[in-house]
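Here is a short report on one protein model.

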Amino acid sequence: DEYPSTDEDQAVHIDFPYPNVKRDLNRWLPLVKWLLAFPHYIVLACLFVAAVFCTIFAWFAILFTGRYPKGLFDFVVGVQRWALRVSAYAAILVTDKYPPFSLD
């Protein structure tokens, strides 16, 4: 059976550390975080379009070769990682650290 198991360790992990609110978070910064994250939203909109095309291309690659191309996988995961960092900063409000413009 070649299908990956769902009970084994997966390639992508999500971890939101619970913040110490009094020490780690600024009280007034949530009022402007959405504005500070606006450049990320613009770049991510373009990257999401590219990620959709990469996912469609990867689907055909998987169909014919049986493998997900590593470069496409890294790009799509990087876009999702970036979007998650921006969400943690601007929407979920678990960090005050400004997210980097990076797929890493």
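Contact here means heavy atoms within 4.5 Å. By that rule, and not counting residues up to four places away in sequence, Phe-75 touches Leu-47, Ala-50, Ala-51, Cys-54 and Leu-103.

The model is predicted: local features need pLDDT of at least 70, side-chain atom pairs count only at pLDDT 80 or more, and totals for chains, interfaces and linings use all residues. Residues are numbered from 1 along each chain as its sequence is written, and side-chain values use heavy atoms, with hydrogens and water left out.

**Core**

A nonpolar core is a set of buried Ala, Val, Leu, Ile, Met, Phe, Trp, Tyr and Cys residues joined through side-chain atoms within 4.5 Å. Buried means under 20% relative accessible area, exposed over 50%, and partly exposed in between (1.4 Å probe, protein chains only). The largest nonpolar core has 15 residues, and Leu-44, Leu-47 and Phe-75 have the most contacts inside it. Helix 3 (38-65) and helix 4 (70-90) each supply at least two of the core residues. Helix 4 gives the largest share, 9 residues. In soluble globular proteins, nonpolar side chains tend to be buried together.

**Overall form**

The protein has 4 helices and 0 strands. Helices (H or I, at least four residues) and strands (E, at least two) are DSSP runs, numbered from the N terminus. The radius of gyration is 17 Å, well over the 13 Å that the globule rule gives for 104 residues, so the protein is more spread out than a compact globule. That radius is taken over C-alpha atoms, and the globule rule is 2.2 Å times the number of residues to the power 0.38. Along its principal axes the C-alpha trace spans about 55 × 30 × 15 Å. Buried residues make up 23% of the 104. Of the contacts with a separation of 6 or more, 62% are between residues 24 or more positions apart.

**After helix 4**

| Residue | Relative accessible area | State |
|---|---|---|
| Leu-93 | 32% | partly exposed |
| Pro-99 | 4% | buried |

Leu-93 lies in the segment after helix 4. Its phi is near 60°, a positive value in a residue other than glycine.

Pro-99 is found in the segment after helix 4 too. What is Pro-99 in contact with, leaving aside its neighbours within four places in sequence? The partners are His-40, Arg-85, Val-86 and Tyr-89. Pro-99 and Asp-74 are 25 residues apart in sequence and 19 Å apart in space, C-alpha to C-alpha.
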